[in-house]
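The following explanation is intended to be read alongside the sequence and the coordinates. Please keep both in view.

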Amino acid sequence: MDSNHGWPEPIIRVQSLSESGTETIPTRYIKPPSDRPSIAANSSPLSIPVIDMSAMSREEMASAMSAACREWGFFQVVNHGVRPELVRHAREIWRRFFHLPMEEKQRYANSPTTYEGYGSRLGVEKGACLDWGDYYFLHVLPSSLKNREKWPALPPDLRDITDEYTRELLNLCGRVMEAMSIGLGLDPTRLQESFGGAEVGACLRVNYYPKCPQPELTLGLSSHSDPGGMTVLLVDDRVRGLQVRKGSDWVTVEPIRDAFILNVGDQIQSLFPCFQVLSNAIYKSVEHRVMVNAANERLSMALFYNPKADLPLSPIQELITPDRPALYKPMSFNEYRLYIRQRGPRGKSQVESLKTSQ
Ligand code: OGA
Ligand code: NI
């Protein structure tokens, strides 16, 4: 492997830039004015729905989640059944990982072929504008891809805690998939079956956004919709940063202690036939982005729950009618992801470009 691990140019850790004490960020991180966060200008008073999973019948939960997936593509869940101590422990241990000496982290430097390991960019376009964040990416499912040797060996409990955390989250995903299926008027297991049943995939990306001396000029993660099926996101409970697109506004998500943020990915959206994306008839994958700040670092953990990688996904038959034909070309998640991995985050342009011409 070449000295850049397959990246088009040497990798610079954002954490190193941040810790160098520079007061200006390198030009590579400066976004064009239309993409900058403009924090005060368009902060919307709206907020994404919050669903208390302990306070509802299965049907009530199905209709609440279904409404949220249609209107927002995003919601938060509280009382979700995952132990708060485990959630906090997982976040804390990963924070400790990012505070280990750089040599220790560099042992896991990733490459654009699998992205597994410690990384600092998405996409391989030379000279591309970069985001103000580092991350760690690992496979959880299928078990043939899960390799704990590729997970950090330090801090010592990290692998076990990550195992337990991801197991609990997969269980939560199963319950949410059922509710989302019922909310479409389908059998509880239908959505999961369309993802390949027990053969679903899952990956974890832990995002680390160091302090940034000029947060108004850049983003921790550029606008994107998640390419996979569904995402369960744990955010930093002290530091805001996530913004969700609502029409032409960006809504800043208020962190709720021990809650998870769930959102629909492109693969769920692609199960729907030809509705207008804005019609509230489909579960949509909605654009979101991350702001950084000068005073605090921020850590988040995204579990991506994905369809079986080589299964060609096409719209659910029961949702297709003569005036609502299939909209997307059948494509497997593997093929789709390859496309995303070349280009990095680009709003919703990728899922849009997969439409058949009609
Ligand atoms: C992601 C993501 C949001 C955040 O990892 O895909 O959107 O708050 N993260 O870090
Ligand atoms: Ni995302």
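The paragraphs below treat a metal site, a helix and a strand residue in turn.

The model is predicted, so that local features need pLDDT of at least 70 and side-chain atom pairs count only at pLDDT 80 or more, while totals for chains, interfaces and linings use all residues. Residues are numbered from 1 along each chain as its sequence is written, chains are lettered from A and ligands numbered from 1 in the order in which they are written, and side-chain values use heavy atoms, with hydrogens and water left out.

His224 (NE2), Asp226 (OD) and His288 (NE2) coordinate the nickel ion (ligand 2) at 2.1 Å. Donors are N, O and S atoms within 2.8 Å of the metal (3.2 Å for Na, K and Ca); water is not among the atoms, so sites may look incomplete. The sequence spacing of these donor residues is H-x1-D-x61-H. Asp226, in the loop between strand S6 (221-224) and strand S7 (230-234), and His288, in strand S11 (residues 288-290), lie 62 residues apart and link distant parts of the chain. Helices (H or I, at least four residues) and strands (E, at least two) are DSSP runs, numbered from the N terminus. Asp226 and His288 are both buried, that is, under 20% relative accessible area, with exposed meaning over 50% and partly exposed in between (1.4 Å probe, protein chains only).

Helix H8 (residues 333-343) has Phe333, Tyr336, Arg337, Ile340 and Arg341 buried. These residues lie on the same side of H8 because they cover an arc of only 135° around the axis, the arc being that of the directions from the helix axis to the C-beta atoms. Gly344 follows H8 and has a positive phi, near 75°.

Gln76 is located in strand S2 (residues 74-78) and counts as buried because its relative accessibility is 4%. Not counting residues up to four places away in sequence, Gln76 touches residues including Ile48, Val50, Glu254 and Phe260, where contact means heavy atoms within 4.5 Å.
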